Amino acid sequence: MAAIEELISLNNIVKVYPPNVLALDDVSISFREGEIHALVGENGAGKSTLMKVLYGLVPFNQGNIFYRGRRVRFQEPGEAIAAGIGMVHQEILLIPEFTVWENIVLGSEPVDQWGRLDEERARQLVGEKIQEFQFHLNPSARVEDISVAARQKVEILKLLYRRVSVLILDEPTAVLTPQEIPLLFAELSRLRASGHTIIFISHRLEEVLALSDRITVLRKGKKVATVEAGETTRQELARLMVGRDVLFLSRRKPQTPGKVVFKTENLNFVNNQSRHQLHNIQLKVHAGEIVAVAGVEGNGQFELVNAIMGLNQPTSGKIFVDTTDITQTEILERRRLISFVPQDRGKMGASLSAMVMENAMMTHHRLNPRFILWKGLLLNFNYAQIFTDQIVDRFKVILSSKFSPFRSLSGGNQQKVILGRELLLDNPFLLLDQPTRGLDVGSIEYVHEQILRIRQEGKAILMISADLEEIFLLADRIVVLYRGELVADLPSDKTNVEEIGRYMLTGKAIPE
Amino acid sequence: MIQKSINGILGIFTALLIGAVMMLAQGFDPLATYQSLFDFSLFRSSSLATTLKNAVPLVLTGLSASMAFASGVINLGQPGQLLIGALFVTLGGLYIDLPPILMIPFLVLMAMFGGALWAGLAALMRRAFNMSEFIVTLMLNMIADFFTLWAITNPLKDESAFSAMTPPITRSGWLHEIGAFNPSILIMLAAVAGMWFVFNRWNAGYEWRITGQNSLFARLGGCKVDRNFVSIMLVTGALAGLAGGMVVMAGPHRFLRGLGANYAWDGVMIAIVANSGLIATLLYGLFFSIFQTGALGMELITNVPSEIIVVLQAVTVLVIVASREYLNITLDRLAAKRRARERF
């Protein structure tokens, strides 16, 4: 049974997502009071699922959980919070129109004797909490006006306000810039000093080593090991995570870029609220060059992608591919020149309920003459099958049948089909919007290899990414989007993560 | 496929069971009632032919709704499109007279044209003013209802008749029974086969289906989503119009008051039960026709009111639609449990 010193112990947890995805396979793990415990593992290793099991968000099939010596099984997060366990999710779940204090008290507001919200007392309570934990927040600011890092603090404070003693943070650094991460870590260390227990999920090894006391590695639903942070190295953790040695080296060979393939001229996009979403974007991508757009999410990346793909008409300015002005053309015409890998496979990149084959042939069904019979009236489904087999072979897709629904493929294999489809269009320009988002290390390596290969073939590549490690691994040039403006345009070998981070955060090279 | 069949059989069986309980509660004999129901819809001489003929408007309007829903278009204008199709056939049959070999195809085209025109009006409103086809097709149903009523009580009224109806259309436009079977059955089957082919083999059909599943993906893939929307409206309108044409040509051979009955709404219901599958629409359409055709015979033989059929239909729909998702979830959960137990 649970040892006394363990605050929380999860024993032999098995979770199968219906119908038969084994997400957690006999995982046992324990957390001690007052420690920072990191959970690391690739995407799909089961980190988040394990924590959701503890938190009562996801029911589990086998095993048991002990908390403070008592067997528990939370049916919903409310019960976990009442018991003192709180979780901050990857997506921030606040009401943007509400102020900081309103968001914090929401759900357990102080009330007067008539049951009305006691605004003064609420402000005072929130103010005290901010003081107590030194969070540097303005309680009266509206959440939509504050930075992502500050919103995260609000999420944490919201739990502390509910007197939670165990904090679970799911990938808290994923949305932060390099400069904000140490600040978060300092706050977490202070929380540990005041007796809180912190469990944090991450796949970034440096952070894990810098912050935590103990580290548990999960791989493919199984626990691999729990190690003391002081007694391990990045290399060892990576090997535990992936199951083999991982190279952290760039294999990008120097290459002289060719002519300009993609170009924007004074691109502006103003949305309905008449705020500048894109302001005078001047961007050039040459043949054989990878240009990365760095930036905190929500600084105009979405609008830029939509303008290039033709989902939104820019307010002014022009977009050229291969000297053709595509600013006003139909999407199908653009697709003769642009290959596009979107960030959200299920929303923009595929139809999850359609067959693999039907997803593989999209766009080709209009542009590739071999698909077309009877002047475009009929589709050549025999050729569609041959074509799908080609993608499956060339891009090493693992699937049960090309007629099975797309959703039955793993994320990595879905991305391979999408990448294969877009690469086989053989277009001079590629727009990659976070091409490795949500993939496991093996698939990420594969996608990176493919991107470098097409760079070698002399294609022009514009890549939008939130991952600076990926950007420095692949890009020849890095531009930074800050509040809809391009604030930096630097060759990747003449800059560093810190400099790009400063641009992302402040829009300037030197912070005031 | 197997799961869908289980789902359907389960739904029908449950409906019959609940119907039986209701009849017992009111002192009727359910076995005798069901015997007469199926006798008069399937096993008596020519009753099968009647069932098939009655299925024509159900299947065609159901097909219209299924194709629209599967393509992400909310065309709920089948009642209106059916009436306008019937009106166009009546007009063609009253003023034009050709030999049957030309007249019948001509009237079929008129019916489809009428339905497509009415649906096209809604498509136009969407394209021009961005009005949701959902509400516009519903409203156009009312207009079609009263417009056709006006047409048959005023300009097209048969002066010798006592109630609102047009004179009969020319005899060369009638669909006469061949043996016991009405040729409209063949036209229905051809429509189902044709639409299946369009949906599964045409380039446009592929785009329609993908748009119905994920329209943003289809748009980014280069599908002309707006143009496809108009095509789907026109095609599904034509199908509903064809249903109206078949009712006139195979049935009373004239437009009379209440001609559209409840065919089109039943068709929409069938599409929902069939989960917008084209072949499933055909099968459920035939099945609902068994209920509806048998009901009349049942009322003749037994004391059970034919309204019981409405109850049977409603229960069938509810059970099938409710159990569809639930069956999936339950089967998945059971599989997950089995997998989890294997770990120990």
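Helix α3 (residues 47-70) and helix α12 (residues 278-301), both of chain B, pack with their axes 8 Å apart and at an angle of about 140°. Axes are lines fitted to C-alpha atoms, for helices over the stretch in contact, and angles run from 0 to 180 degrees between N-to-C directions. Helices are DSSP runs (H or I, at least four residues), numbered from the N terminus. This is a predicted model, in which local features need pLDDT of at least 70. Residues are numbered from 1 along each chain as its sequence is written, and chains are lettered from A in the order in which they are written.

**Exercise 1.** Classify the orientation of α3(B) and α12(B).

Step 1. Angles under 35 degrees count as roughly parallel, over 145 as roughly antiparallel, 65 to 115 as roughly perpendicular and the rest as oblique.
Step 2. The angle is about 140°, and α3(B) and α12(B) are therefore oblique to each other.

**Exercise 2.** Describe the contact of α3(B) with α12(B) by class.

Step 1. Residues are in contact if their C-beta atoms, placed from the backbone, lie within 7 Å.
Step 2. Leu58(B) and Gly62(B) are among the residues that α3(B) brings, and α12(B) brings others, including Gly285(B) and Phe288(B).
Step 3. With Ala, Val, Leu, Ile, Met, Phe, Trp, Tyr, Cys and Pro as nonpolar, Asp, Glu, Lys and Arg as charged, and the others, Gly among them, as polar, the contact has nine nonpolar, ten polar and no charged residues.

**Exercise 3.** Which residues does Leu242(B) touch, leaving out those up to four places away in sequence?

Solution. Leu242(B) touches Leu60(B), Gly85(B), Val108(B), Ala111(B), Met112(B), Gly115(B) and Ala191(B).

**Exercise 4.** State how many residues of each chain meet between chains A and B.

Step 1. On chain B, 23 residues are in contact with 32 residues of chain A.
Step 2. Seven residues, the largest share of the side of chain B that touches chain A, come from α13(B).

Notes. Predicted model: local features only at pLDDT ≥ 70, side-chain atom pairs only at ≥ 80, totals over all residues. Contact = placed C-beta atoms within 7 Å. Helix = DSSP H or I, 4+ residues; strand = E, 2+ residues; numbered from the N terminus.
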